[in-house]
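Here is a colleague's note to read beside the model. Please keep the 3D view open and find each place as it is named.

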Amino acid sequence: MVNLEWYRTFKAIYQTGTLTGAAVELLISQPNVSQHLSALEAHVGKQLFERQPRRMVPTDYGKLFYTQIIEAIDKLEHIEAEFRYTRTSNIPLTCIGTPKEFFNQVLAEKVHEVPANLVFEFGVTKELIKKLVSGKLYFVVATHREDEKDIIYEPIREESFLLVSSTTYDTGIFNQLIATEDFDLAEKWLTDQDWYVYSSDLPIIRRFWLKNFKKRPAIKPRFIIPDFNSILKAVACGKGITIAADFLAEDLIRSQKIKEIWKGKEITGNTMYLAYHKNNVTTAQIEMIRQLVNPQ
């Protein structure tokens with residue numbers, strides 16, 4: 001019978017690249033690492049690594065073997081860690097995926113009120129939903145819906161998008177163009193500015209443009225920063241513009257660190273959801289997380 005520790009040792013060697021590194025990670029001796037690897041290779045009947053002086057290089061079969069086992073090993077280790085984390089406590093453990101900006105702006109000041117141990121993971125909705133489906137997360141704060149079976153999406157908040165800049169940024173020409181409803185020249189003015197954006201595919205800006213100018217944006221972003229809180233901080237200190245969700249910008253607008261330039265001739269909005277697998281969480285867990293993520 002295969003020993004699970006052989007697989008863990010194989011994973012550690014593969015990821016660290018050396019027997020010594022694997023021994024340090026696993027807190028066992030290097031001879032034990034070598035013994036585990038030899039036993040696994042004997043069991044599968046294939047050489048998994050080419051042994052070089054300072055490096056363990058995976059063979060083609062070793063690479064294939066890694067791709068076949070890594071998901072199962074990671075899942076087992078996740079389960080083991082979860083039970084180890086909770087066995088000395090009567091407080092339940094809940095794993096939540098959320099955009100980093102939503103945590104900073106909405107959840108950070110409220111987490112202490114939740115009667116549970118919370119483990120947060122930051123990321124984009126598509127990747128977080130994959131982890132929700134696989135059972136690695138219990139809940140996800142999602143910026144859109146994905147087409148996954150048995151995932152429930154509960155609306156929790158409506159966000160609208162604002163065009164913003166630093167308070168000292170000269171937007172007089174743009175303001176006049178909007179006042180006279182010269183939207184073609186207003187669009188040209190926007191296109192000529194320095195843009196701070198979240199990603200090169202411009203998802204929020206594209207939606208804002210389609211709603212207000214009925215076309216795709218032709219802008220070339222100058223700064224790509226994958227965190228909206230950082231974008232807004234940079235905008236407040238610099239000479240450029242961005243489009244951001246109202247709940248992220250409102251505190252900075254109120255404190256006069258940035259200013260709202262335009263909501264658009266039509267409001268561009270989005271629904272945020274609390275997502276969870278209907279078979280993996282209890283009614284009590286759902287209600288607890290609803291209280292955390294919903295506006296008060």
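1. On the model itself. This is a predicted model, in which local features need pLDDT of at least 70 and side-chain atom pairs count only at pLDDT 80 or more, while totals for chains, interfaces and linings use all residues. Residues are numbered from 1 along each chain as its sequence is written, and side-chain values use heavy atoms, with hydrogens and water left out.

2. On the largest pocket. A pocket is here an open set of points on a 1 Å grid over the protein atoms alone, where a 1.4 Å probe fits and protein lies on both sides within 12 Å along at least five of seven lines; its lining residues have an atom within 4 Å of a point. The largest pocket has a volume of about 730 Å³, a volume being the space filled by probe spheres set on the points, which are joined across faces, edges and corners. Its lining is made up of 34 residues, and those nearest the centre are Thr143, Tyr198, Pro203, Ile204 and Phe228.

3. On what surrounds the largest pocket. Helices and strands are DSSP runs numbered from the N terminus (helices H or I, at least four residues; strands E, at least two). Several of them supply at least two lining residues each, including helix 5 (100–107), helix 6 (125–134), strand 6 (151–166) and helix 11 (246–254). Helix 9 gives the largest share of this lining, with 5 residues. Sorted by class, the lining holds 19 nonpolar, 7 polar and 8 charged residues, where Ala, Val, Leu, Ile, Met, Phe, Trp, Tyr, Cys and Pro count as nonpolar, Asp, Glu, Lys and Arg as charged, and the others, Gly among them, as polar.

4. On the second largest pocket. The volume of the second largest pocket is about 170 Å³, and of the 11 residues that line this pocket, Gln105, Val106, Glu109, Arg157 and Glu250 lie nearest the centre. Helix 5 and helix 11 are the elements that give two or more residues to this lining, and the largest share, 3 residues, comes from helix 11. The classes here are 3 nonpolar, 3 polar and 5 charged residues.

5. On the aromatic rings. Rings of Phe, Tyr and Trp (its six-membered ring) pair if their centres lie within 6.5 Å, and planes under 30 degrees apart count as stacked, over 60 as edge-to-face and the rest as tilted. By this rule there are 22 aromatic pairs. Why is the pair of phenylalanine 102 and phenylalanine 247 edge-to-face? The planes of the two rings stand at 75°, with the centres 5.9 Å apart, so the pair falls into that class. Phenylalanine 102 belongs to helix 5 and phenylalanine 247 to helix 11, so that the pair links distant parts of the chain, 145 residues apart. Both phenylalanine 102 and phenylalanine 247 are buried (under 20% relative accessible area; exposed is over 50%, partly exposed in between, with a 1.4 Å probe and protein chains only).

6. On a second pair and its surroundings. The rings of tryptophan 209 and phenylalanine 213 have planes at 55° and centres 5.1 Å apart, so this pair is tilted. These two residues of helix 9 are 4 residues apart, and therefore separated by about one helical turn. Tryptophan 209 is buried at 0% relative accessibility, and phenylalanine 213 is buried at 10%. Glutamate 187, in helix 8 (residues 183–191), is in contact (heavy atoms within 4.5 Å) with Trp209, Phe213 and Lys215, not counting residues up to four places away in sequence.

7. On backbone angles to check. Most residues other than glycine have a negative phi. Aspartate 150, however, has a positive phi of about 70° although it is not a glycine; aspartate 150 sits in the loop between strand 5 (139–142) and strand 6, and is partly exposed at 25% relative accessible area. Glutamine 256 also has a positive phi, near 60°; glutamine 256 sits in the loop between helix 11 and strand 10 (258–262), and counts as exposed at 63% relative accessibility.
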